[in-house]
Amino acid sequence: MTWEIGAMDQLSDYMKLLYKELLDLYNMMDKDLANEGRSYQVGYSKSKMKKLIRAYFDEAKWYHEAYTPSMEEYMDVARELTTFQLLSTTSFTSMGELASKEVFDWVVNDPLIVQGAAINGRLLNDIAGYK
């Protein structure tokens, strides 16, 4: 996925608004963090957003192909769909000096605590949705 305004031409009309808002958000974050010398943090957040978008694509593909994934396949995608990985990464951008490059390197690699929280949230949501 490229993060350029020109890429918007490849999208359906209904997706263009969402894409433009994402670009604006990340550009604003980049500008704000650049003033503090921390613009590198935006790349971490973008990488997690890309994973989330790929997970939505995988889920839609499964639906349209009437494919039932294995539990392992499902959980790999479902963990991303909780948005916990994206939010835990992006939340560090507002923590100033407390969030060093090492912190981002740690969280972007999905440590067990992040995986566990995402799995817990996903399964609780699935159980509640089933009832």
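**View 1. The largest nonpolar core takes in 12 residues.** In this predicted model, the set is made up of Leu 22, Tyr 26, Met 29, Leu 33, Val 42, Met 49, Leu 52, Ala 55, Trp 62, Val 77, Leu 81 and Leu 86. Helices α1, α2 and α3 each put in two or more of them, and α2 has the largest share, with 5 residues. As background, nonpolar side chains tend to be buried together in soluble globular proteins.

**View 2. Here's a second, separate core, this one of 7 residues.** Among its members are Ala 99, Phe 104, Val 107 and Val 114.

**View 3. Zooming in on Val 77 and its contacts.** Skip the neighbours within four places in sequence, and Val 77 is left touching Ala 55, Asp 58 and Trp 62.

**View 4. Helix α2 covers residues 40–64.** Its 25 residues, at 1.5 Å a residue, should span 36 Å, and the end C-alpha atoms sit 37 Å apart, so the two agree. The buried residues here are Gln 41, Val 42, Tyr 44, Ser 45, Lys 48, Met 49, Leu 52, Ala 55 and Trp 62. They pack against α1 (13–34), α3 (71–81), α4 (84–91) and α5 (101–108). After α2 comes Ala 66, with a positive phi near 55°.

**View 5. Stepping back, the protein chain has 6 helices and 0 strands.** The C-alpha trace spans about 45 × 40 × 20 Å along its principal axes, and 31% of the 131 residues count as buried. As for charge, there are 14 positive and 20 negative side chains, with the centres of the two sets 1 Å apart.

Note on methods: Residues are numbered from 1 along each chain as its sequence is written. This is a predicted model: local features need pLDDT of at least 70, side-chain atom pairs count only at pLDDT 80 or more; totals for chains, interfaces and linings use all residues. Side-chain values use heavy atoms; hydrogens and water are left out. Helices (H or I, at least four residues) and strands (E, at least two) are DSSP runs, numbered from the N terminus. The expected span of a helix is 1.5 Å times one less than its number of residues. Buried means under 20% relative accessible area, exposed over 50%, partly exposed in between (1.4 Å probe, protein chains only). Contact means heavy atoms within 4.5 Å. A nonpolar core is a set of buried Ala, Val, Leu, Ile, Met, Phe, Trp, Tyr and Cys residues joined through side-chain atoms within 4.5 Å. Lys and Arg count as positive and Asp and Glu as negative; His and the chain ends are not counted. The place of a charge is taken as NZ of Lys, CZ of Arg, CG of Asp or CD of Glu.
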